[in-house]
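Please have the sequence and the coordinates open while reading.

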Amino acid sequence: MIRRNIRKRREYLYSKSLEGTERALFEKKRLLRAALEEGKPIPTELRNEEHELRRQIDLEDQQRQVPKSIVDDEYATATVREPKILLTTSRNPSAPLTQFVKELKVVFPNSQRMNRGGQVISEIVESCRSHDITDLILVHEHRGQPDGLIVSHLPHGPTAYFGLLNVVTRHDIKDRKAMGKMSEAYPHLILDNFSTQIGERTATILKHLFPVPKPDSKRIITFANRDDYISFRHHVYEKPGGPKSIDLKEVGPRFELRLYQIKLGTVEQNEAKSEFVLRPYINTSKKQKTLGA
């Protein structure tokens, strides 16, 4: 089992290392194809490689014209089987953290909650792999307030690290009459303003935590990015007066996420390379938008 996981991990890292080379080759073929279609001269930097590029273009079909990304390998089975999620916490969780994780269990369909106890992360990850768990979510706290959330995709990664801010659980919402009933239907997703490459990567990680909903599902989950802070909202809606009248009610919980790292491995692999790390203390960090405009 250990040797097989090591071999699969090496194959995954090798395919990831080839991604940049394949993207550069795809860009060259795109420029050559555009020049040939428009009747323009071949770009100077491509003249030495023109013969080989023409041969590769002639051999391509519709599927190979699109560059293959490592995301295709990581989430290759996402459309075949539904996600299966394990939720756990840091050791000795407080009552507010336990309550928050119980509500997250209802937010994520097909999820189960496990008491951490004295188990170490490597044992939990190995157990998840043996039971075909697709994602592991760990929630951390500081002085009774949830302050961190880790999403680790199995079996090989990636792992996204988020900071948790402004957590309001369902039981903390005071206006009970305006709240909707907690639905267990598969939700529709709204992913707003994830326009950069890291933003699209983050949206891919988040959306694959949820299965495909039915068209008539009346449950909505929103991830809205504003200034690199992702607001999570959970709503249900009804149509009491026909299709043009919509009654939208918040269900809860609500919180903000702040992405600060993406690793190309699972959560227990400290040696895994980082795909993205937030660096808030450089001079231009306030001007940069990591996830979207």
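Which residue in β10 does V168 stand opposite? V168 stands opposite R254 in β10, and the section on strands returns to this pair.

## Model and confidence

The structure is a predicted model, in which local features need a pLDDT of at least 70 and side-chain atom pairs count only at pLDDT 80 or more, while totals for chains, interfaces and linings use all residues. Residues are numbered from 1 along each chain as its sequence is written, and side-chain values use heavy atoms, with hydrogens and water left out.

The average pLDDT (the predictor's confidence in each residue, from 0 to 100) is 85 for the protein, and 92% of the residues score at least 70. Among the elements, helix α4 (residues 70-74) has the lowest mean pLDDT, at 58, whereas strand β6 (residues 188-192) has the highest, at 96.

## Overall architecture

The protein has 7 helices and 11 strands, where helices (H or I, at least four residues) and strands (E, at least two) are DSSP runs numbered from the N terminus. Taken along the principal axes, the box filled by the C-alpha atoms is roughly 70 × 55 × 45 Å. Of the 293 residues in the protein, 42% are buried; buried means under 20% relative accessible area, exposed over 50%, and partly exposed in between, with a 1.4 Å probe and protein chains only.

Helix α7 is largely enclosed by the rest of the structure, because 8 of its 11 residues are buried. The buried residues of α7 are I198, G199, R201, T202, A203, T204, I205 and L206.

Strand β5 (residues 159-168) has 7 of its 10 residues buried, so β5 is largely enclosed by the rest of the structure. Two strands count as paired if DSSP finds at least two bridges between them. By that criterion β5 pairs with β4, the two running antiparallel and being joined by 5 bridges, and β5 also pairs with β10 in the antiparallel sense, over 8 bridges.

The β4 and β5 strands form a hairpin with 5 residues between them, and G157 in the turn has a positive phi of about 115°.

The search finds 1 cavity of 30 Å³ or more. On a 1 Å grid over the protein atoms alone, a cavity is a set of points where a 1.4 Å probe fits but cannot get out, and lining residues have an atom within 4 Å of a point. Grid points are joined across faces, edges and corners, and a volume is the space filled by probe spheres set on the points; the largest cavity holds about 80 Å³ of space.

The lining of the largest cavity consists of L104, F108, I137, L149, V151, L206, L209, F223, F232, F255 and L257. The elements that give two or more residues to this lining are β4 (145-153) and β10 (254-263). By class, the lining has 11 nonpolar, no polar and no charged residues, where Ala, Val, Leu, Ile, Met, Phe, Trp, Tyr, Cys and Pro count as nonpolar, Asp, Glu, Lys and Arg as charged, and the others, Gly among them, as polar.

## Salt bridges

The whole structure contains 12 salt bridges, each being a side-chain nitrogen of Lys or Arg within 4 Å of a carboxyl oxygen of Asp or Glu. One of them joins K28 and E49, at 3.2 Å from N to O. Because K28 lies in helix α2 (residues 19-38) and E49 in the loop between α2 and α3 (50-59), this pair ties together parts that are 21 residues apart in sequence. K28 is partly exposed at 29% relative accessibility, and E49 is partly exposed at 30%.

Within helix α6 (residues 121-130), E126 and R129 are 3 residues apart, a separation of about one helical turn, and their salt bridge has its closest N and O atoms 3.6 Å apart. E126 is partly exposed, with a relative accessible area of 30%, whereas R129 is buried, at 18%. Another salt bridge links E275 and R201, with the closest N and O atoms 3.0 Å apart. E275 lies in strand β11 (residues 274-277) and R201 in helix α7 (residues 197-207), so the pair ties together parts that are 74 residues apart in sequence. E275 is partly exposed at 28%, while R201 is buried, with a relative accessible area of 6%. Salt bridges that share partners also join E126, R129 and E268 into one network.

Definitions and conventions: 1 Å grid on protein atoms, 1.4 Å probe; cavity = no way out; pocket = protein on both sides within 12 Å on 5 of 7 lines; lining within 4 Å.
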